[in-house]
Amino acid sequence: MALRQVEGRFGDEVRSIRKELLALQAHVEVTIDYPEHDVEDVACQQVLTVGEQLLGRIDQLIASAALGRVLREGVATAIVGRPNVGKSSLLNALLQRERAIVTDIPGTTRDVLEEYINLRGIPLRLMDTAGIRETEDVVEQIGVVRSRQSMADAELVLLVYDGSQPLTDDDWALERETAKMRRIVVVNKADQGVRRDTQAWIEGLVARGVVYLSAKTGEGIDALADRVIDVIEQEIAMDMDASYMANARQTQLLQLAKQDLSSAMDSAAAGATLDLIAVALQSAYAQLGYAIGEEAGEDLLDEIFSRFCLGK
Ligand SMILES: Nc1nc2c(ncn2[C@@H]2O[C@H](COP(=O)(O)OP(=O)(O)OP(=O)(O)O)[C@@H](O)[C@H]2O)c(=O)[nH]1
Ligand SMILES: [Mg+2]
């Protein structure tokens, strides 16, 4: 639903920009064909002023394409931690089904598991990874390489600790490895009680936003969902309500429209002939039309005759 809503907003904004572009184009064309109607300088000035505003609006459309990607592909979210802290259990708890194999043997997960979930309207591409540690086991080593790859690709990292155990060197190393990533620190197995030393260490390093939960009982899973949504809204998708959205092809067409509009403005500033400006404006209008699946057709003539008092 969110996707459809933003897509609709994208079309509305492009149509609105096109409407202004068409009016501008009509002004230029009329000045060419009926020189007595207006002077060239006025038309050029108009191209510069209106063009500037429209460029800004096209830029905003391009900038907000990030939200589209998030809604289409899901926020890439990697669950990482040393072996046996409960990463697979957390994946299962979030999915509300037993997707991943869970055992008490460290090194259970060997490969990256990927699943999509819808978290209050925002899609997440969740990756459960192999526990990261120094190991001699060749298969496990490959898994660890893949975990690191997922971690690097992720837009959000859920760093999981086992609150019922003393911390290990692997825990410590992972904290440093993820320090510069967008992460949420999760302390799991809270149903078994959280060790004071473990809690003190984690809270000493991570100033705010540590989430205590139990993947086993489900307690705290809602609080984690809240945190995830907060981070996505604040840091990834910025402002959902002010966002439009474009796919890759649309973004490319917006770029082309921008180039055409800029070149029309350059011509206007340099005092080039109006024909040159008209051609560039027409092209910008057409590119924006392609972005929403509309052709230019007779729009311009209609616009000229409806806006200006001219005989056909
Ligand atoms: N008491 C308790 N036990 C848990 C909790 N979460 C996981 N466990 C147990 O911890 C053990 C390891 O859980 P997994 O989910 O397989 O851990 P993992 O991090 O995926 O482990 P690897 O795949 O080996 O890296 C299992 O015996 C789980 O039942 C929890 O919240 N509370
Ligand atoms: Mg696992």
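**Helix packing, sheet order and ligand shell**

Helices α2 (residues 40-63) and α9 (residues 248-270) have axes, fitted to C-alpha atoms over the stretch in contact, that come within 9 Å and cross at roughly 160°, on a scale from 0 to 180 degrees between N-to-C directions. Because angles over 145 degrees count as roughly antiparallel, α2 is roughly antiparallel to α9. Among the residues that make this contact are Leu48, Gly51 and Leu55 of α2 and Leu254, Lys258 and Leu261 of α9, contact being defined by C-beta atoms, placed from the backbone, within 7 Å. The contact residues divide into 15 nonpolar, 4 polar and 1 charged, where Ala, Val, Leu, Ile, Met, Phe, Trp, Tyr, Cys and Pro count as nonpolar, Asp, Glu, Lys and Arg as charged, and the others, Gly among them, as polar.

The model is predicted, so that local features need pLDDT of at least 70 and side-chain atom pairs pLDDT 80 or more, whereas totals for chains, interfaces and linings use all residues. Residues are numbered from 1 along each chain as its sequence is written, while chains are lettered from A and ligands numbered from 1 in the order in which they are written.

Strand β2 runs antiparallel to β3 (residues 122-128), joined by 7 bridges.

Ligand 1 is surrounded by 24 residues, of which Gly86, Ser88, Ser89, Thr109 and Gly131 are the closest, a residue being near if its C-beta atom, placed from the backbone, lies within 6 Å. By class, this shell has 6 nonpolar, 13 polar and 5 charged residues.

How values were computed
Helices (H or I, at least four residues) and strands (E, at least two) are DSSP runs, numbered from the N terminus. Angles under 35 degrees count as roughly parallel, over 145 as roughly antiparallel, 65 to 115 as roughly perpendicular and the rest as oblique. Two residues are in contact if their C-beta atoms, placed from the backbone, lie within 7 Å. Two strands pair if DSSP finds at least two bridges between them.
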